Amino acid sequence: MGTRIRIMDLEVDLLTEDNFRCQVAEYLENDHTNVIHMISLDYIDTYDKNELVQQVLGRADLVLPGEKTILSAHHVDVLETGGMVVDYHSMLNLMKTISFQERTCYLVVRSEKEAKALYRYLTKHFPQNNVLGVHISDGNVSEEALVNDINTKLPDILLLSMDSTKQEEWLEKNKGKVNTKLCVVCGSILPMILRDNIHIPVWIRKIHLGSIYRWVARFPYSHFFRRRIFDRKMDDYITKKKLRGNRK
């Protein structure tokens with residue numbers, strides 16, 4: 001199918017575009033729930049030693065790079081040129097070539113603001129995609145009620161975005177209960193997706209500052225800036241690993 005590489009203490013799948021397309025098409029025809037995790041630099045840095053995260057990712061069908069930065073130590077430019085899936089942009093373009101367009105979705109997100117932004121993003125890129133329901137994970141609705149609502153609507157795809165490790169905890173409890181073919185866990189990468197595709201207010205566009213507004217919003221997630229952060233974190237990780245090895 002592909003290969004799996006280790007980034008710090010987490011493992012990530014590397015797939016060719018053809019393999020990714022085949023896998024997703026297969027998942028959408030399955031009679032059980034398949035899980036894809038999209039992970040970011042911040043996620044790896046924060047949760048690479050978290051036991052729950054390790055367990056959940058170990059059981060996932062795919063753990064994919066949500067941003068190119070985390071592949072910086074693996075010649076990401078060469079991988080991209082070679083037709084590998086290196087970030088959410090790769091996945092988005094491939095999703096447009098399969099039957100994802102006509103599939104139904106259910107969104108579980110952090111806030112109303114995130115829900116509106118994600119809905120706008122989906123309808124822009126997948127106009128035929130039908131969003132059957134949206135749930136704001138603020139604790140006002142019980143897990144049982146949420147699962148029942150998902151199962152009543154029977155979406156093909158569940159998009160799951162929660163803070164901290166709540167999405168992993170929810171998945172551990174409810175994966176076997178929900179009737180959906182594919183669960184995409186995107187909590188760590190969704191802020192980047194929404195920043196990259198930020199909605200520019202009308203008044204900003206009227207004064208012709210849209211490009212500046214977009215650049216300022218995107219800069220914290222730019223590949224150049226993020227790669228410098230990644231390089232420092234990798235150097236720190238390697239140093240600590242050597243120190244632990246010397247103590248043994």
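Predicted model: local features only at pLDDT ≥ 70, side-chain atom pairs only at ≥ 80, totals over all residues.
Colleague: Where does H75 sit?
Modeller: You'll find H75 in the loop between strand 4 and helix 4 (76-81). Residues are numbered from 1 along each chain as its sequence is written, and side-chain values use heavy atoms, leaving out hydrogens and water.

Colleague: What makes H75 count as exposed?
Modeller: Its relative accessibility is 62%. Exposed means over 50% relative accessible area, buried under 20%, and partly exposed in between, using a 1.4 Å probe and protein chains only. H75 therefore lands in the exposed class.

Colleague: And what is the phi of H75 near?
Modeller: Near 55 degrees, a positive value in a residue other than glycine. Most residues other than glycine have a negative phi. M8 also has a phi near 55 degrees, again positive and again not a glycine. M8 belongs to the loop between strand 1 (3-7) and strand 2 (10-14).

Colleague: Is M8 buried or exposed?
Modeller: Buried, because its relative accessibility is 7%. For the protein chain of 248 residues, 48% count as buried.

Colleague: How do you know that helix 5 is largely enclosed?
Modeller: Count the residues: six of the eight in helix 5 (residues 88-95) are buried, so the rest of the structure largely encloses the helix. The buried ones are Y88, S90, M91, L92, L94 and M95. They pack against helix 1 (17-27), strand 3 (34-39), strand 4 (62-65), helix 6 and helix 9 (190-196). Contact here means heavy atoms within 4.5 Å.

Colleague: Why is helix 7 called roughly perpendicular to helix 8?
Modeller: Start with the geometry: helix 7 (residues 143-153) and helix 8 pack at an angle of about 70 degrees, their axes 12 Å apart. That angle makes the pair roughly perpendicular. The class runs from 65 to 115 degrees, while under 35 is roughly parallel, over 145 is roughly antiparallel and the rest is oblique. The axes are lines fitted to C-alpha atoms over the stretch in contact, and the angles run from 0 to 180 degrees between N-to-C directions.

Colleague: Which residues make that contact between helix 7 and helix 8?
Modeller: Helix 7 brings E143, L146, V147 and I150, and helix 8 brings W170, K173 and N174.

Colleague: What makes helix 3 and helix 8 oblique, then?
Modeller: Helix 3 (residues 51-59) packs on helix 8 at about 55 degrees, with the axes 10 Å apart. The two are therefore oblique to each other. On the helix 3 side, the contact uses L52, V53, Q55, V56 and R59, and on the helix 8 side E168, E169, L171 and E172.

Colleague: How far apart in helix 6 are K116 and E112?
Modeller: Four residues, about one turn of the helix. An α-helix has 3.6 residues a turn, so residues three or four places apart point the same way. The side chains of K116 and E112 meet in a salt bridge at 3.5 Å, N to O, and both residues are exposed.

Colleague: What about K49 and D48?
Modeller: Their closest N and O atoms are 3.4 Å apart, a salt bridge again. K49 is exposed at 52%, but D48 is buried at 6%.

Colleague: How many salt bridges does the rule give?
Modeller: The count comes to 15. R4, R6, E11 and D13 are joined in a network of them.

Key. Salt bridge = Lys/Arg side-chain N within 4 Å of Asp/Glu carboxyl O.
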